[in-house]
Amino acid sequence: MSDFDTFFNKAKDKAKDVADVAGKKTTELVNLSKLKLQELQIGRKIRSLYEQLGRATYQLHKNSFENEELISSLEEEIAEQLHAQSEVDEKLCDMKNQVSCPCCHAKNSKEAVYCSSCGNQLKDEFADFVEEETQEAAPADETPEEE
Ligand SMILES: [Zn+2]
């Protein structure tokens with residue numbers, strides 16, 4: 001009977017560990033899928049705004065009307081959504097340990113010096129070296145030997 005109790009307790013502990021790890025992973029996954037969903041929704045909204053802008057421009061042009069207010073309000077909204085998109089994009093990249101190329105928006109590893117898609121320089125080739133040098137140049141811990 002006591003053997004069974006030990007086995008049962010061990011199994012219970014193990015199950016708890018697994019649940020803890022799974023819980024952490026689930027939170028990460030939830031955040032990731034939330035961001036992905038956000039990215040999708042923003043992308044959809046931007047497309048619809050472009051469409052609205054195109055349609056409005058077409059209709060206005062066709063009827064020889066001008067409506068700067070409508071056009072610029074759509075433009076403003078697009079700019080807002082693009083900004084939100086880049087923020088979500090940044091968060092997503094961070095979770096995946098990636099950086100987004102400022103030139104072509106291709107995803108690159110954080111360690112990459114050049115963009116794998118367009119060749120744009122992503123960071124200073126010697127950035128790591130300079131960083132190391134700065135650290136070495138930092139003043140050593142000077143503890144007075146005399147009391
Ligand atoms: Zn690029």
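**Getting to know the fold**

The protein has three helices and two strands; helices (H or I, at least four residues) and strands (E, at least two) are DSSP runs, numbered from the N terminus. This is a predicted model, where local features need pLDDT of at least 70, side-chain atom pairs count only at pLDDT 80 or more, and totals for chains, interfaces and linings use all residues. Residues are numbered from 1 along each chain as its sequence is written.

Q: What pattern does the protein follow along the sequence?
A: Read that way, the pattern is α-α-β-β-α.

Q: Why is Tyr-50 called partly exposed?
A: A residue is buried if 20 or more other C-beta atoms, placed from the backbone, lie within 10 Å of its own, exposed if 12 or fewer, and partly exposed in between. Tyr-50 has 13 within 10 Å, so Tyr-50 is partly exposed. Tyr-50 lies in helix H1 (residues 2–62).

Q: What makes Asn-97 count as exposed?
A: Asn-97 has 9 C-beta neighbours inside 10 Å, and therefore counts as exposed. Asn-97 sits in the loop between H2 and strand E1 (98–100), and its phi is positive, near 60°.

Q: Why does His-105 count as partly exposed?
A: His-105 has 13 C-beta neighbours inside 10 Å, so the label is partly exposed. The loop between E1 and strand E2 (107–109) holds His-105.
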